[in-house]
Amino acid sequence: MIVFSSKKKNPLGKSVERFETIIGKTIRIDGNLNISEGVRIDGILNGNIIQDDGKKATVAISQSGRINGNIHAQHVIISGFVKGNIFSNDRVELLASSRIE
């Protein structure tokens, strides 16, 4: 008997998060991003990510994601590149492929 597994390796680590917004690989945003829930960045953001007051947001930067700015969020998962400061009220996960300047 052969059993196939449909589990795929999660490139953003062991965390299981729900993302309200996904910024794709081909997207570049110039300006700040204000968030109230989860966001995954696969593209480029030239600006800060700011969690709305009283919210508990998750920010995930994939391997192809690049942030040139600061990140303020409850939970931050980084697999890509961040040039800026990271502020978290809970935890920051830095994966093997992450690069912080």
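Start by selecting Arg28 and Asp30 in this predicted model: both residues are exposed. Show their side chains and you will find them meeting in a salt bridge, 2.8 Å from N to O. Side chains of opposite charge can pair in this way when their charged atoms come close.

Now colour by secondary structure. The protein has 12 strands and 0 helices. Next, pick out strands S2, S5, S8, S10 and S12, which form an open sheet in the order S2-S5-S8-S10-S12, with parallel pairing. Where are the edges? Strand S2 (28-30) and strand S12 (99-100) stand there, each with a single partner strand, so one side of each has no neighbour in the sheet.

Select Phe81 to see one end of a pairing, as its bridge partner in S12 is Arg99.

The Arg99 side chain meets that of Glu101 in a salt bridge of 2.4 Å, N to O. Arg99 counts as partly exposed, at 46% relative accessibility, and Glu101 also counts as partly exposed, at 46%.

Within it, the side chains of Arg91 and Glu93 meet at 3.2 Å, N to O. Is each of these two buried or partly exposed? Arg91 is partly exposed at 37% relative accessibility, whereas Glu93 is buried at 18%. In total, the structure holds 5 salt bridges.

The protein exposes about 6,500 Å², with carbon and sulfur atoms supplying 49% of it. Of its 101 residues, 37% are buried.

Terms used:
Residues are numbered from 1 along each chain as its sequence is written. This is a predicted model: local features need pLDDT of at least 70, side-chain atom pairs count only at pLDDT 80 or more; totals for chains, interfaces and linings use all residues. Side-chain values use heavy atoms; hydrogens and water are left out. Helices (H or I, at least four residues) and strands (E, at least two) are DSSP runs, numbered from the N terminus. Buried means under 20% relative accessible area, exposed over 50%, partly exposed in between (1.4 Å probe, protein chains only). Accessible areas come from the Shrake-Rupley method with a 1.4 Å probe; for residues, only the protein chains shown count as cover. Two strands pair if DSSP finds at least two bridges between them. A salt bridge is a side-chain nitrogen of Lys or Arg within 4 Å of a carboxyl oxygen of Asp or Glu.
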